[in-house]
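Reader: I've got a few minutes before the next run. Can you walk me through this one?

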Amino acid sequence: MSMHLSSWILLLASASVLTCTCISNAASDNAGGFSFKDSFDLTGAEDHFRTSPDGQVWYLSLDKKAGCGFQTHDRYRFGWFSMKLRLVGGDSAGVVTAYYMCSDLGAAPDRDELDFEFLGNRSGQPYTIQTNVYKGGVGGREMRHQLWFDPTEDFHTYSILWNQHQIVFFVDRVPIRVYKNNGKPNNFFPNEKPMYMLSSIWNADDWATRGGLEKTNWTIAPFVSSYKDFNADGCKWEDPFPKCVSTTGQNWWDQYEAWALTDSQQEDSKWVWRNMVIYDYCKDSERYPKLPEECNL
């Protein structure tokens, strides 16, 4: 790495470069007093879900029989969406924790989707974060990053900013991926369909860890991921006359300051690119001899 991680953390703390003013003022990560049932429906095996005594921390578990997940009651078109997660600790090879937005609950062939996928690994090996973007059922836009911390030791915040101009994936307010629109009708930027927020834990040992070479060790199941502090500061879709049909500029995430990264966020993003990116589909000429249109942005 071009800078020791400890030095980087001290620099961030002293310079306060993690957060742009518009986000810090408008989007709180603390949803205190939140009720799971008020916002989410459970998916998968109900006996694989539990909460803390006060209901503020939620646990999804996976064993050889089943996994578990949840989804929002509501759909949103544009906004800021955030959740704190603590990932499965120890030997998590083959286990995927997904936290994502999707226009359809049944993985429809023409769905739009924005993905965080956390790919487990053998004990002592780092987690990999995979992000992906689908429009009209077409994905294949993966990026993979390592992290500058152990995501199993404590809760960390994972967020998506989505407006007409860009989609930004954040980890603890650090922008790890920026996906831009070109301002014209296109086949790569999902901006037409409202989306649900979802999360799940599932077995993907056919591909998730070292391309499927490392299999899930079921003798140490269950595997448990933990969640808290969900925040959806977005435009709620309400049929038949949704207010989210067009941009209004009334919300901070829809205003000029949120159309591009701030200078400090650009510095964060550059550091991530230099140190944490391990795969970018836009650099994979063997897979894409002709560069996808959005890569030129």
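Reader: Where is Phe 78 placed?
Author: Phe 78 sits in strand β5, residues 76-86. Strands and helices here are DSSP runs, numbered from the N terminus: a strand is E over at least two residues, a helix is H or I over at least four.

Reader: Before we go on, what kind of model is it?
Author: A predicted one: local features need pLDDT of at least 70, side-chain atom pairs count only at pLDDT 80 or more, and totals for chains, interfaces and linings use all residues. Residues are numbered from 1 along each chain as its sequence is written, and side-chain values use heavy atoms, with hydrogens and water left out.

Reader: Back to Phe 78. What is its phi?
Author: Positive, about 80 degrees, although Phe 78 is not a glycine.

Reader: Is Phe 78 buried or exposed?
Author: Phe 78 counts as buried because its relative accessibility is 3%. Buried is under 20% relative accessible area, exposed is over 50%, and partly exposed is in between, with a 1.4 Å probe and protein chains only.

Reader: And Arg 210, what is its phi?
Author: Near 50 degrees, again a positive value in a residue other than glycine. Arg 210 lies in the loop between β13 and β14. With a relative accessible area of 55%, Arg 210 is exposed.

Reader: Where is the cis peptide bond?
Author: Between Ala 221 and Pro 222, with omega about 10 degrees. Pro 222 is found in the loop between β13 (196-203) and β14 (223-236).

Reader: New topic, the sheet. What is the strand order?
Author: β2-β3-β14-β5-β10-β11-β12, an open sheet of seven strands with antiparallel pairing. Two strands pair if DSSP finds at least two bridges between them. The edges are β2 (49-51) and β12 (174-180), each pairing on one side only. From one strand to the next, the twist averages 20 degrees. Axes for such angles are lines fitted to C-alpha atoms, for helices over the stretch in contact, and angles run from 0 to 180 degrees between N-to-C directions.

Reader: How many bridges between β3 and β14?
Author: Six, in the antiparallel sense, with β3 covering residues 57-62. Val 57 stands opposite Lys 228 of β14.

Reader: Which strands does helix α4 lie across?
Author: β11 (166-171) and β12. Helix α4 is residues 263-275 and runs at about 95 degrees to β12.

Reader: Now aromatics. How many pairs?
Author: The count comes to 26. Rings of Phe, Tyr and Trp (its six-membered ring) pair if their centres lie within 6.5 Å; planes under 30 degrees apart are stacked, over 60 edge-to-face, and the rest tilted. Phe 70 and Tyr 227 are an edge-to-face pair, 5.1 Å centre to centre, with 80 degrees between the planes. The two are 157 residues apart, with Phe 70 in strand β4 (residues 68-72) and Tyr 227 in β14. Both Phe 70 and Tyr 227 are buried.

Reader: Why is the pair Tyr 281 and Tyr 288 edge-to-face?
Author: Because the planes are at 75 degrees, with centres 6.0 Å apart. Tyr 281 is buried at 2% relative accessibility, whereas Tyr 288 is partly exposed at 22%.

Reader: Last one. Which ring face does Lys 228 lie over?
Author: That of Phe 155, at 4.6 Å from the ring centre. Arg 50 lies over the face of Tyr 59, 4.1 Å from the ring centre. The rule: NZ of Lys or CZ of Arg within 6 Å of the ring centre and within 35 degrees of the ring normal.

Methods: Contact = heavy atoms within 4.5 Å.
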